[in-house]
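Please read it alongside the sequence and structure shown here.

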Amino acid sequence: LFRSHRPKGRSELIAAMFQCRFCANPFSSLLGLGMASGDDRSGKVYQARSEEEVKAVVKSWERAVHPRVFENGLLNHSQVDEILTQLARYTDKNEDLLRSDDDDEECVHWHGTTDDDTSQAMVKLWRFAPSVVTLYVNPLLAFLFACDDSFEKLNQLPKDQRAFKMGCGDQLCVKASHIAIAR
């Protein structure tokens, strides 16, 4: 269900239904996971990327992945591709979580899996079949894309929280430049 390849036929329809933020996932309450709402806080309606758009944005984000991701052996290229694919699928096609421009105050809202207790954006990663690891998005963004200086500052923050605070105040924002570096 969470693999980056596309299932065929009827199973594709079933998988799409359970990934849809409008459809109820009967397993979400058992796993302690919810889904983010269809409209973000700015009132904009979520517009999903097509498969071609997902592939294109993943390719552009792959060029920005920091070398430390592969140097420490925590993730391989296939897993990074899987994570980037989920990031592309669950953010609006008109928003880029890496773009930092004049309108940097504009959030990039998450429309995928969330933690029911903390309302944090989450992705699922197949580590070793059949085990699935659930990861908070904003620390993952820092690991994948932050420069060494910013990453070191984030690593010095208290470890008592699983996800970083967002400078914009919206924990469902996944714009990399909105991660709060200060304590």
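In this predicted model, the axes of α3 and α5 come within 9 Å and cross at roughly 125 degrees. The two helices, α3 and α5, are therefore oblique to each other, and α3 passes α5 in a right-handed crossing. The residues through which the two helices touch are set out below.

| Helix | Residues making the contact |
|---|---|
| α3 | E51, V54, V57, V58, W61 and E62 |
| α5 | D81, L84, T85, L87, A88 and R89 |

Apart from neighbours within four places in sequence, L144 is in contact with A64, V65, H66, V69, L75, V80, I83 and L84.

One of these partners of L144, H66, lies in the loop between α3 (51–62) and α4 (68–71). With a relative accessible area of 17%, H66 counts as buried, because the cut-off for that class is under 20%. The side chain of H66 is joined to that of D148 by a polar contact of 3.0 Å. When neighbours within four places in sequence are left aside, H66 is in contact with F143, L144, A146, C147 and D148.

Note on methods:
Residues are numbered from 1 along each chain as its sequence is written. This is a predicted model: local features need pLDDT of at least 70, side-chain atom pairs count only at pLDDT 80 or more; totals for chains, interfaces and linings use all residues. Side-chain values use heavy atoms; hydrogens and water are left out. Helices (H or I, at least four residues) and strands (E, at least two) are DSSP runs, numbered from the N terminus. Buried means under 20% relative accessible area, exposed over 50%, partly exposed in between (1.4 Å probe, protein chains only). A polar contact is a pair of N or O atoms within 3.5 Å; within protein, one must be able to donate a hydrogen and the other to accept it, and residues adjacent in sequence count only if both atoms are side-chain atoms. Contact means heavy atoms within 4.5 Å. Axes are lines fitted to C-alpha atoms, for helices over the stretch in contact, and angles run from 0 to 180 degrees between N-to-C directions. Angles under 35 degrees count as roughly parallel, over 145 as roughly antiparallel, 65 to 115 as roughly perpendicular and the rest as oblique. A crossing is left-handed if the near helix is turned anticlockwise from the far one by less than a right angle, and right-handed if clockwise.
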